[in-house]
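The following paragraphs walk through a structure, from a pairing of side chains to the arrangement of the chains. Please keep the sequence and the coordinates in view while reading.

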2 protein chains.
Amino acid sequence: MTATFLDRLFDAGLLIDTGVDGLYARSGTFEHIVDGIDAVVTAFGGADGAEVVRFPPGMNRMVFEKTGYMKNFPNLAGTVHCFCGDDAAHADIIAALDEGGDWAAHQKLSDIALTPAACYPLYPLAARRGPLPAQGRLFDILSYCFRREPSKESTRQQMFRMREFVRMGTPDEVMAFRQLWIERGAEMVKTFGLDGAVDLANDPFFGRAGRMLKNNQRQQNLKFEMLIPVESVEKPTACMSFNYHQDHFGTLWNLTTADGAVAHTACVGFGFERLALALLKVHGLDVAAWPAGVRAALWG
Amino acid sequence: MTATFLDRLFDAGLLIDTGVDGLYARSGTFEHIVDGIDAVVTAFGGADGAEVVRFPPGMNRMVFEKTGYMKNFPNLAGTVHCFCGDDAAHADIIAALDEGGDWAAHQKLSDIALTPAACYPLYPLAARRGPLPAQGRLFDILSYCFRREPSKESTRQQMFRMREFVRMGTPDEVMAFRQLWIERGAEMVKTFGLDGAVDLANDPFFGRAGRMLKNNQRQQNLKFEMLIPVESVEKPTACMSFNYHQDHFGTLWNLTTADGAVAHTACVGFGFERLALALLKVHGLDVAAWPAGVRAALWG
């Protein structure tokens, strides 16, 4: 049997199996690649003057709920549950653990959910500052994200890092921002020595009602992705995304422009793990043997 | 009313309130401080040749259970729960969300728990490689960690980063490692321009049974902490810890030395957020005005 790409990554020690599909530790070399990707993203967008915000891997559950994630992608969500019991409940847990029984009955939904996309926690923080300034706002954000899709495909991880630039302003401003980043994204792919193509996204909205949402998203050109072959050429991997949210978050959080209109928003996201895996797949697992131009772009 | 330190951090934009106590976003300046601390830790320990491993914020729940965290600190743990239902269950959730009811009934315990301490996921990965080599092993690890202790004290965050060096080998090897890092930790505190003192730890083991565990830990000198005044001088904050696990993890994971004895382990941990907050408290919120020596140590 041929070793899968994931097997080869494990064998090379670049990713380390934890016993849970899609939940991997990373080696120093893998992190070095991620640091290089991070630097390239900064090289492309750093001069725009974005405000830097870094998020922990969890978010306020009330914000998570209001964002609609449990309605659109319930199967991908992760909620954090905690124990609030007393000594007797603690004794129950110990007994259940010792006997291999269900010890989670005492775990209760907390006020924290795992962050599914780096920008979800940002909108209420921005709205709290009041109306946008005259030129709108631009943020540079990063978060560990969670999506519940256990898989043996290296590119489908349950916990992964996403860096984004998020633009808030008028429709013209945010659409121009998105177009600029679609062009920059294509340049970035060349810098990495990779082949990519931009296409409309097919987000996996849940259930029967989800079909309508997916069609709507595609018909309105709301989300594009940079697709790069990693696991296969037939099913390339979305390594960047370019999203226009219209007034969705502006309305939800009462975020307005300087002249009082509902703000529009757009974001561009970079999947650090997926970009690192694309580089490893195309240029090989021996980083020292990567093309000089790619090495120079990543690490100066 | 006097503004608390947390209020001042919010006002300066260094930490950003998410609406959940102990769950904060960080500004670019805060991250710049964390990067500097990370570099200082590398400067002290980088020449030791540790193997670098970086963990995602969640770990295999079976490992989490076996480590005993739910027995010792159930109230601090966070488990990740997911939805595995169908369209009908999805409809229940949507209805409950719209009506403000309890929508979490369909959330089930997953195979992932939030990582409470950076080194817990490491031991089974190390043991899987077989007996330790002749000189034992040394790891350099980092993880976002979770502890369920909502608080208005800036230093008590629910999600925070911990970097550790972990030594595995004979009792003499791991005790020498710990002693070396207690001395390096004191030097590091001076580098940061801070005052710290090493003392025995008082871990908050849960419930009635926990008292015995706490006494045992103290009587056997298993855990020391570097205490630095941040929120108050009377209750200084543990910003580093120096832990000797005896053969606890070695026995648990069947980790042996080259000659077949059960391995002993020790670790030193650095709380990045707490060290950053100590620097901000002592040197002030205007990073540009920090002493030149401290700035040079952090950022060259």
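In this predicted model, E273(A) and R26(A) form a salt bridge, with N and O 3.0 Å apart. Over all chains, the whole structure holds 32 salt bridges. Side chains of opposite charge can pair when their charged atoms come close.

Salt bridges also cross from one chain to the other: six are found across the interface of chain B and chain A. In the salt bridge between K71(A) and D98(B), the closest N and O atoms are 2.5 Å apart. Polar contacts between chain B and chain A link 22 residue pairs, counted where both residues have pLDDT 80 or more. On the side of chain B that touches chain A, 31 residues are nonpolar, 16 are polar and 14 are charged.

How many residues does the contact take from each chain? Chain B contributes 61 residues and chain A contributes 61 residues. The size of an interface is often given as the accessible area lost when the parts come together. Here, chain B and chain A bury about 5200 Å² between them, and 68% of that area is on carbon and sulfur atoms. Within chain B, the residues that lose the most area to chain A are M70(B), K71(B) and W103(B), which together account for 11% of what that side buries.

The next point is how the two copies are related. Chain B is superposed on chain A by a rotation of 180 degrees with 0.0 Å of shift along the axis, and the RMSD is 0.0 Å. That is the relation of a two-fold axis. In chain B, V80(B) has the C-alpha nearest the axis, at 2.4 Å from it. The same surface serves both copies, since 100% of the contact residues of chain B recur in chain A.

As for confidence, the model has an ipTM of 0.97 and a pTM of 0.97. Chain A has a mean pLDDT of 96, with 100% of its residues at 70 or more.

Methods
Residues are numbered from 1 along each chain as its sequence is written. Chains are lettered from A and ligands numbered from 1 in the order in which they are written. Side-chain values use heavy atoms; hydrogens and water are left out. Copies are superposed by least squares on the C-alpha atoms of residues with pLDDT of at least 70 in both. Contact means heavy atoms within 4.5 Å. pLDDT is the predictor's confidence in each residue, from 0 to 100. Buried area is the accessible area (1.4 Å probe) that two parts lose on being put together, summed over both. A salt bridge is a side-chain nitrogen of Lys or Arg within 4 Å of a carboxyl oxygen of Asp or Glu. A polar contact is a pair of N or O atoms within 3.5 Å; within protein, one must be able to donate a hydrogen and the other to accept it, and residues adjacent in sequence count only if both atoms are side-chain atoms. Ala, Val, Leu, Ile, Met, Phe, Trp, Tyr, Cys and Pro count as nonpolar, Asp, Glu, Lys and Arg as charged, and the others, Gly among them, as polar.
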